[in-house]
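Biologist: Please take one part of this model and walk me through it closely. Spell out each term as you go.

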Amino acid sequence: MDFYDYACATSFQITKKKRDEIKILLRDNISFPILGKDEIGYVVCLAKPKRIHDDHISLQGMLFDSKDPEHRKIIWRLFKASIYHLNLHAAFSDFEVYADWAKDKHINLATYVVSTLEDAVVNAYLRKLWSPLILDIAYANAIAHLRLKPASLIPDDTLQVMTSTLSSFTTGMTKGKLSDEMQKDVDDLTFFLREMENLTYKELLKESKSKNKKINSDGFIAKKISFAEKMYELSLIHI
(Lines give C-alpha, C1' and ligand atoms only; values in the text may rest on other atoms or scores of the structure.)
Protein backbone atom coordinates (compact mmCIF):
# COMPACT_ATOMS: atom_id res chain seq x y z
CA MET A 1 0.00 0.00 0.00
CA ASP A 2 1.47 3.37 -1.01
CA PHE A 3 1.30 6.64 0.96
CA TYR A 4 -1.88 7.86 -0.73
CA ASP A 5 -3.79 4.58 -0.38
CA TYR A 6 -2.80 4.33 3.27
CA ALA A 7 -3.93 7.91 3.88
CA CYS A 8 -7.31 7.30 2.25
CA ALA A 9 -7.90 4.00 4.06
CA THR A 10 -6.97 5.51 7.42
CA SER A 11 -9.10 8.58 6.80
CA PHE A 12 -12.15 6.40 6.18
CA GLN A 13 -11.47 4.37 9.33
CA ILE A 14 -11.32 7.49 11.50
CA THR A 15 -13.89 9.79 9.90
CA LYS A 16 -16.28 7.25 8.34
CA LYS A 17 -16.39 9.63 5.37
CA LYS A 18 -16.16 8.34 1.81
CA ARG A 19 -13.82 9.77 -0.82
CA ASP A 20 -16.53 12.04 -2.20
CA GLU A 21 -17.09 13.52 1.29
CA ILE A 22 -13.49 14.33 2.22
CA LYS A 23 -10.48 15.08 0.03
CA ILE A 24 -7.06 13.63 0.73
CA LEU A 25 -4.23 15.43 -1.06
CA LEU A 26 -0.50 14.71 -1.03
CA ARG A 27 1.74 17.65 -1.91
CA ASP A 28 5.53 17.75 -2.12
CA ASN A 29 5.62 21.58 -2.09
CA ILE A 30 4.39 22.03 1.50
CA SER A 31 6.37 21.54 4.69
CA PHE A 32 3.55 20.76 7.09
CA PRO A 33 0.11 19.13 6.88
CA ILE A 34 -2.87 21.45 6.46
CA LEU A 35 -6.57 20.98 7.19
CA GLY A 36 -8.85 23.06 5.02
CA LYS A 37 -12.39 23.09 3.67
CA ASP A 38 -14.08 23.43 0.31
CA GLU A 39 -17.71 23.37 -0.84
CA ILE A 40 -17.92 19.62 -0.17
CA GLY A 41 -16.20 19.29 3.18
CA TYR A 42 -12.78 18.92 4.75
CA VAL A 43 -9.61 18.85 2.67
CA VAL A 44 -6.71 17.00 4.27
CA CYS A 45 -3.49 18.16 2.63
CA LEU A 46 -0.48 16.09 3.64
CA ALA A 47 3.20 16.77 3.11
CA LYS A 48 4.44 14.05 0.76
CA PRO A 49 7.84 12.45 1.33
CA LYS A 50 9.94 13.74 -1.56
CA ARG A 51 13.01 12.00 -2.92
CA ILE A 52 16.03 14.26 -3.23
CA HIS A 53 18.53 12.78 -5.67
CA ASP A 54 19.03 9.05 -5.06
CA ASP A 55 19.77 8.72 -1.39
CA HIS A 56 17.79 11.37 0.51
CA ILE A 57 14.13 12.01 1.26
CA SER A 58 12.67 15.32 2.40
CA LEU A 59 9.66 15.51 4.71
CA GLN A 60 8.33 18.40 6.80
CA GLY A 61 11.48 20.43 6.25
CA MET A 62 13.81 17.62 7.34
CA LEU A 63 16.24 15.57 5.25
CA PHE A 64 16.55 11.82 5.76
CA ASP A 65 18.89 9.13 4.47
CA SER A 66 16.70 6.84 2.38
CA LYS A 67 19.12 3.93 2.93
CA ASP A 68 18.99 4.18 6.72
CA PRO A 69 16.28 1.90 8.20
CA GLU A 70 15.88 4.16 11.25
CA HIS A 71 15.38 7.22 9.05
CA ARG A 72 12.72 5.36 7.04
CA LYS A 73 10.93 4.51 10.28
CA ILE A 74 10.93 8.18 11.30
CA ILE A 75 9.47 9.19 7.92
CA TRP A 76 6.72 6.61 8.22
CA ARG A 77 5.82 7.55 11.80
CA LEU A 78 5.71 11.28 11.03
CA PHE A 79 3.55 10.65 7.98
CA LYS A 80 1.15 8.45 9.93
CA ALA A 81 0.91 10.98 12.77
CA SER A 82 -0.07 13.74 10.35
CA ILE A 83 -2.80 11.52 8.88
CA TYR A 84 -4.13 10.63 12.31
CA HIS A 85 -4.12 14.17 13.68
CA LEU A 86 -5.84 15.89 10.75
CA ASN A 87 -8.45 13.18 10.33
CA LEU A 88 -9.29 13.23 14.02
CA HIS A 89 -9.96 16.93 13.59
CA ALA A 90 -12.04 16.24 10.48
CA ALA A 91 -14.07 13.68 12.42
CA PHE A 92 -14.56 15.42 15.74
CA SER A 93 -13.66 19.13 15.68
CA ASP A 94 -16.30 21.80 15.25
CA PHE A 95 -14.56 25.02 14.30
CA GLU A 96 -17.77 26.73 13.18
CA VAL A 97 -19.12 27.08 16.72
CA TYR A 98 -16.52 29.80 17.38
CA ALA A 99 -17.58 31.98 14.42
CA ASP A 100 -19.67 34.49 16.36
CA TRP A 101 -17.21 34.59 19.24
CA ALA A 102 -14.29 35.34 16.89
CA LYS A 103 -15.92 38.36 15.22
CA ASP A 104 -13.97 41.62 15.70
CA LYS A 105 -11.14 39.80 17.46
CA HIS A 106 -7.47 39.71 16.49
CA ILE A 107 -7.71 37.13 13.71
CA ASN A 108 -4.35 35.39 14.20
CA LEU A 109 -4.74 35.15 17.96
CA ALA A 110 -8.36 33.95 17.75
CA THR A 111 -7.35 31.34 15.16
CA TYR A 112 -4.56 30.10 17.42
CA VAL A 113 -6.90 29.85 20.42
CA VAL A 114 -9.51 27.89 18.47
CA SER A 115 -6.89 25.60 16.94
CA THR A 116 -5.28 24.70 20.26
CA LEU A 117 -8.63 24.25 22.01
CA GLU A 118 -9.73 21.84 19.30
CA ASP A 119 -6.39 20.04 19.69
CA ALA A 120 -7.40 19.53 23.32
CA VAL A 121 -10.80 18.21 22.25
CA VAL A 122 -9.20 15.83 19.77
CA ASN A 123 -6.80 14.59 22.45
CA ALA A 124 -9.77 13.39 24.47
CA TYR A 125 -11.17 11.46 21.50
CA LEU A 126 -7.71 10.05 20.91
CA ARG A 127 -7.50 8.79 24.50
CA LYS A 128 -11.02 7.40 24.59
CA LEU A 129 -11.60 6.01 21.11
CA TRP A 130 -8.29 5.81 19.23
CA SER A 131 -5.62 5.03 21.83
CA PRO A 132 -3.55 2.81 19.44
CA LEU A 133 -2.67 6.01 17.54
CA ILE A 134 -1.21 7.80 20.57
CA LEU A 135 2.37 6.54 20.24
CA ASP A 136 2.94 7.86 16.72
CA ILE A 137 1.36 11.22 17.54
CA ALA A 138 3.45 11.52 20.73
CA TYR A 139 6.55 10.65 18.71
CA ALA A 140 5.78 13.39 16.18
CA ASN A 141 5.18 15.88 19.01
CA ALA A 142 8.57 15.00 20.50
CA ILE A 143 10.27 15.60 17.13
CA ALA A 144 8.47 18.95 16.84
CA HIS A 145 9.69 19.92 20.32
CA LEU A 146 13.28 19.07 19.44
CA ARG A 147 13.06 21.30 16.36
CA LEU A 148 11.72 24.31 18.27
CA LYS A 149 13.91 27.33 18.77
CA PRO A 150 14.53 28.18 22.43
CA ALA A 151 12.08 30.84 23.55
CA SER A 152 14.87 33.41 23.97
CA LEU A 153 15.61 33.18 20.24
CA ILE A 154 12.00 33.96 19.27
CA PRO A 155 11.87 37.78 19.06
CA ASP A 156 8.09 38.11 19.14
CA ASP A 157 6.40 37.82 22.58
CA THR A 158 3.19 36.49 21.09
CA LEU A 159 5.01 33.71 19.25
CA GLN A 160 6.94 32.87 22.41
CA VAL A 161 3.68 32.37 24.28
CA MET A 162 2.01 30.45 21.43
CA THR A 163 4.88 28.04 20.78
CA SER A 164 5.63 27.52 24.47
CA THR A 165 1.98 26.83 25.29
CA LEU A 166 1.60 24.33 22.47
CA SER A 167 4.84 22.59 23.42
CA SER A 168 3.84 22.51 27.08
CA PHE A 169 0.48 20.99 26.19
CA THR A 170 1.77 18.36 23.75
CA THR A 171 4.99 17.31 25.49
CA GLY A 172 4.80 18.70 29.02
CA MET A 173 7.88 20.85 28.38
CA THR A 174 8.78 24.30 27.18
CA LYS A 175 12.07 25.09 25.46
CA GLY A 176 14.33 27.85 26.71
CA LYS A 177 13.87 30.39 29.48
CA LEU A 178 10.73 32.49 29.70
CA SER A 179 10.20 35.51 31.91
CA ASP A 180 8.40 34.71 35.16
CA GLU A 181 5.29 36.55 33.97
CA MET A 182 5.27 34.79 30.61
CA GLN A 183 5.90 31.38 32.19
CA LYS A 184 2.89 31.89 34.48
CA ASP A 185 0.69 32.78 31.51
CA VAL A 186 1.92 29.72 29.58
CA ASP A 187 1.16 27.53 32.61
CA ASP A 188 -2.33 29.03 32.89
CA LEU A 189 -3.01 28.57 29.17
CA THR A 190 -1.84 24.97 29.36
CA PHE A 191 -4.14 24.47 32.35
CA PHE A 192 -7.13 25.68 30.31
CA LEU A 193 -6.25 23.23 27.53
CA ARG A 194 -5.97 20.36 29.99
CA GLU A 195 -9.33 21.33 31.47
CA MET A 196 -10.89 21.31 28.00
CA GLU A 197 -9.40 17.90 27.26
CA ASN A 198 -10.56 16.44 30.56
CA LEU A 199 -14.05 17.92 30.19
CA THR A 200 -14.34 16.36 26.72
CA TYR A 201 -13.12 13.02 28.02
CA LYS A 202 -15.69 13.02 30.81
CA GLU A 203 -18.43 13.82 28.29
CA LEU A 204 -17.25 10.94 26.10
CA LEU A 205 -17.52 8.54 29.01
CA LYS A 206 -21.24 9.38 29.15
CA GLU A 207 -21.74 8.78 25.45
CA SER A 208 -22.23 5.58 23.51
CA LYS A 209 -19.31 3.53 22.21
CA SER A 210 -19.86 4.75 18.66
CA LYS A 211 -16.51 5.80 17.15
CA ASN A 212 -18.03 8.63 15.14
CA LYS A 213 -20.01 10.22 17.96
CA LYS A 214 -19.37 13.96 18.22
CA ILE A 215 -20.30 15.89 21.35
CA ASN A 216 -22.28 18.96 20.34
CA SER A 217 -24.62 19.78 23.22
CA ASP A 218 -25.33 23.43 23.94
CA GLY A 219 -23.65 23.14 27.32
CA PHE A 220 -20.49 21.66 25.84
CA ILE A 221 -20.30 24.36 23.15
CA ALA A 222 -20.78 27.04 25.82
CA LYS A 223 -17.81 25.59 27.72
CA LYS A 224 -15.69 25.77 24.57
CA ILE A 225 -16.54 29.42 24.08
CA SER A 226 -15.83 30.14 27.74
CA PHE A 227 -12.37 28.58 27.53
CA ALA A 228 -11.72 30.38 24.22
CA GLU A 229 -12.50 33.73 25.84
CA LYS A 230 -10.26 33.04 28.84
CA MET A 231 -7.35 31.99 26.63
CA TYR A 232 -7.84 34.93 24.28
CA GLU A 233 -7.87 37.53 27.06
CA LEU A 234 -4.81 36.01 28.70
CA SER A 235 -2.88 35.88 25.42
CA LEU A 236 -3.97 39.34 24.29
CA ILE A 237 -1.66 41.09 26.74
CA HIS A 238 1.32 39.74 24.78
CA ILE A 239 0.21 41.22 21.45
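Modeller: D136 sits in helix α5, which covers residues 134-147. Helices here are DSSP runs of H or I with at least four residues, strands are E runs of at least two, and both are numbered from the N terminus. The model is predicted, so local features need pLDDT of at least 70 and side-chain atom pairs count only at pLDDT 80 or more, while totals for chains, interfaces and linings use all residues. Residues are numbered from 1 along each chain as its sequence is written, and side-chain values use heavy atoms, with hydrogens and water left out.

D136 counts as buried because its relative accessibility is 9%. Buried means under 20% relative accessible area, exposed means over 50%, and partly exposed lies in between (1.4 Å probe, protein chains only). Leaving aside residues up to four places away in sequence, D136 touches R77, K80, A81 and Y84. A contact means heavy atoms within 4.5 Å.

Now the sheet. It is open, has 3 strands in the order β1-β3-β2, and shows mixed pairing. Two strands pair if DSSP finds at least two bridges between them. β1 (23-27) and β2 stand at the edges with a single partner strand each, so one side of each has no neighbour in the sheet. On average, neighbouring strands are turned by 25° against each other, direction ignored.

Take the antiparallel pair. Strand β2 (residues 34-37) meets strand β3 (residues 42-47) over 4 bridges. A hairpin of 4 residues joins β2 to β3. K37 stands opposite Y42 in β3.

Next, the parallel pair. β1 and β3 are joined by 5 bridges. I24 has V44 in β3 as its bridge partner. Helix α2 (residues 69-92) packs on the sheet and touches β1, β2 and β3. The direction of α2 makes about 165° with that of β3. Axes are lines fitted to C-alpha atoms, for helices over the stretch in contact, and angles run from 0 to 180 degrees between N-to-C directions. Helix α1 (residues 3-15) lies across β1 and β3, at about 150° to β1.

Last, the cysteines. The structure holds 0 disulfides, a disulfide being a pair of cysteine sulfur atoms within 2.5 Å. C8 is in no disulfide, and its nearest cysteine sulfur, that of C45, is 13 Å away. C8 counts as buried because its relative accessibility is 9%. C45 is buried too, with a relative accessible area of 13%.
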